[in-house]
Amino acid sequence: MSASKSDTSSGVSQKASVIVEDDRTGTSIETLRRAMADHLYYSLGRTPAMATKQDIYLAIALTVRDRLLHRWLNTAETYFSQDARIVCYLSAEFLMGPQLANNLVSLGLYKQFEKALEESGLDLQEVIMQEEEPGLGNGGLGRLAACYLDSMATLNIPAVGYGIRYEFGIFDQEIHDGWQVEITDKWLRLGNPWEIDRPEMAVAVGFGGTIESSTDENGDLHSVWTPKHVISGVPCDTLVPGYKTNTANTLRLWKAEARESFNFQKFNSGDYHGAVIDKVDSENVSKVLYPNDDFQRGKILRLSQQYFFVACSIKDMIRLHLLADGKIENFHKKVTFQLNDTHPSVAIVELMRIFLDEYQMSWDKAWSITTQTFAYTNHTLLPEALERWSVELFGEALPRHLEIIYEINARFLDEMRTKFPNDPDLIRRISIIDDNDGRFVRMAHLACVGSYAINGVAALHTELLKKDVLRDFFKIYPTKFSNKTNGITPRRFIAVSNLELTDLITSKIGDNWLSHLEELKKLEAFVDDQEFVSQWKAVKRLQKERMAEYVLEKTGINIEPASLFDVQAKRLHEYKRQHLNVLHIIHLYNQLKKNPKLDVAPRTFLFAGKAAPAYVAAKLIIKLICSVGEVVNNDRDVASKIKVAFVPDFNVKLGQILYPAADLSEQISTAGKEASGTGNMKFALNGALTIGTLDGANIEMREQIGADRFFLFGLTADQVSDMKAAGYRPRDFYEKSQDLKEVIDLIADGTFSDGDKDLFKPLLDSLLGSDPFMLLADFDSYVKCQQEVSELYQKPDEWARWSILNVARMGKFSSDRSIAEYCRDIWHVDPVKVDIESYQQEEAMLKMPAGYKAGKEAMRCF
């Protein structure tokens, strides 16, 4: 607003214009300091002298959230006023990572808050480290979903993410005597300032029960499902801002609650446990990500989770659609749902149920709308990872949905028998119901039949889907298939993670590259600039020193920043082959023991990643890593040449330290097994060189970076397939390779297990017996490639130039590019620009709209 200011220096009263900012939206240093003080005092009830570190963090987070809410409310109003087509991203995981730093970067306020805190006697980095990471995901699937939300907001795409608000997430990982120990992840114990609960918008979700069918006067069959158990899904909203745009989209996560949390009659009769049993059973649905499903109740809980969040999400989006459009028949024209893997596939059946049972649509009309609403992303080439549920279990949990699945399958198979009359084996293979070994519902088949688009996440992955995993569906629906190679957001994985490298790059090419990653190509002009090369090396050294301090704090292992940081950080799985990495470490250790003067680059091997609690082999691999590290790190003969550390509790927060510090990125999965991978991109974007197989997105990265700048080893996917078809005998490789034999024998004789020859016997038996992921076949090639790595690292300037070129050629792997392709080729969604009017004090007062009725307008919000 304008304020008068008296000027008496000339004896004349003059008017001067003074701009006053709103404390909730202003961005000047003074306004930010005042806003933080107000939140500390009025929102948290603390004075600066009383405030804890958590209080300071919360006050700052709430100050940032105010500025996000301003954008979010304008975004929601814009979407409604323009009747925009909306993308609904359904995912069992959203590994969002800490929010404060990322939101500051997106808002373009990082430097402002840094200065405001400095003038307040605080350090922004210390405040950022105070934040607890949301326990909403486990690995690449959830992190990809988070990257895509970031990019959709940055590209001004109308979108909402839907998932589960897990109370305890996956688990915190501790290492006790080399073994993984799972600890409850109490990420919500101090509250979450970034979420907004919407209890008044709770959705009812039913399970079990009975079905009554009747025929109307026209002979049409109608069913009424009466659930046995009904729970509430309460939406919790997190705001997702775009980078330097006015758009702030919504991540809506559902928490499960009992419809009646306390039975007063049972309590009064002395049945205290019975009084709250419904609350306990209901809330279990959103307690933990991926509960152990080795037993029946665990399987039922997993299926219940999947149905719970898609049922809530579909009802929520139907509500919003009817408010904006008013016609359920237009649902597919205004809404598209993306299934992030098979977990949300039951959404197809739920939408059919609603159309059939609640809107009394004909089957053909309901199926037509449904199959124009869903698109399916496949994320796996492992057949065992394609979800299937026993018919008995599915019918117990969702009896009406099983009926609908049977009808979908019957109609689909009738159509296919007409199309392929002489191929009964095809009909058996494509059936949604698997009758081969018991009776199971194949969720990937349901997703293929019920979606209008199917995509893989890397070029090789998509080709292997067409040739192998989903070949029958590609034969039936060739036009549904496309490739959308994964990407990562540069905002999180360089601007937030690597401030110094971000500033160095920006000093040379400007800051537009953070939203147009292809502009990194301009860095190639500086690859021979010695001053720039020296600055590049200095940034890497700084990040390695930070990592060394972290490793010492978390593990007690002292590592040398000058050594080559060789990093493998990803979920523990046999196909990812962390144990191949260990075999190389043992080989290097063995060679150094035989020749202590061996000329090799000093190297620190860093591992990070979690094993699923029931995955015995993966947990034994962690034990092997730690056991080898215990021997190597305490052997004075090799201490100056190699160190090994397993850094516990890998998550986004740790990744933000680890990715910038890495010199070498281990992407060594068996060719043909990794769908894409995004860790490879995160490491490369921060200047790490890659050693890897021709698997997943490695292939496209190698094409972009240059074959001569990528450490390639191992069999191709076709060679793996051919070798297995010919009768792969891993023991033959053990017998032929002296180096490999010595490595295996060192493990077998108890060198790394205090003489216990049985500890790692299950791993060795698997390797020598079947070796399903071809470690022994790739061992010699891997060792030879690692020698090339060592030789290059001993030429520091040359290594740095490779690193610069790696970063310069990573432009393709932005999630912005991925999302632009989804919008163009699959979703057919256009950007919607959000405008925000500048603050006007006279408009800031509460003023209800004409004709307002309490509650009705509120239901328009996301």
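A salt bridge is a side-chain nitrogen of Lys or Arg within 4 Å of a carboxyl oxygen of Asp or Glu. Side chains of opposite charge can pair when their charged atoms come close. The model on screen is predicted, so local features need pLDDT of at least 70 and side-chain atom pairs count only at pLDDT 80 or more, while totals for chains, interfaces and linings use all residues. Residues are numbered from 1 along each chain as its sequence is written, and side-chain values use heavy atoms, with hydrogens and water left out.

**Stop 1: salt bridges**

Select Arg-729 and Asp-732. They form a salt bridge, with the closest N and O atoms 3.2 Å apart. Arg-729 is exposed at 52% relative accessibility, and Asp-732 is partly exposed at 28%. Here buried means under 20% relative accessible area, exposed means over 50%, and partly exposed lies in between (1.4 Å probe, protein chains only).

Next, select helix α9, residues 296-324, which holds both Arg-319 and Asp-316. Helices (H or I, at least four residues) and strands (E, at least two) are DSSP runs, numbered from the N terminus. The two residues are three apart, about one turn of the helix. Their side chains meet in a salt bridge of 2.8 Å, N to O. Arg-319 is buried, with a relative accessible area of 19%, and Asp-316 is buried at 2%.

Glu-463 counts as partly exposed at 40% relative accessibility. The structure holds 66 salt bridges.

**Stop 2: a parallel sheet**

Show the strands β20-β19-β18-β21-β22-β23. In that order, these six strands form an open sheet with parallel pairing. Two strands pair if DSSP finds at least two bridges between them. The edge strands, β20 (642-646) and β23 (711-712), each pair on one side only.

Select β18, residues 564-569. Six of its six residues are buried, so the strand is largely enclosed by the rest of the structure. In a regular strand the side chains alternate between the two faces of the sheet. Leu-564, Asp-566 and Gln-568 are on one side of β18, and Phe-565, Val-567 and Ala-569 are on the other.

Six bridges join β18 to β19, and Leu-564 stands opposite Arg-603 in β19. Strand β19 (residues 603-608) pairs with β20 over five bridges. Arg-603 stands opposite Ile-642 in β20.

**Stop 3: two loops**

Select Asp-83, in the loop between α2 (53-81) and β1 (86-90). Asp-83 is not a glycine, yet it has a positive phi of about 50 degrees. Its relative accessible area is 26%, so Asp-83 is partly exposed.

Then select Lys-244, in the loop between β9 (229-241) and β10 (248-258). Lys-244 has a positive phi near 55 degrees, and this residue is not a glycine either.

**Stop 4**

Select Leu-190, in the loop between β4 (179-183) and β5 (195-197). Leu-190 is partly exposed at 47% relative accessible area. Leu-58 is 132 residues from Leu-190 in sequence, but the two are 9.7 Å apart in space, C-alpha to C-alpha.
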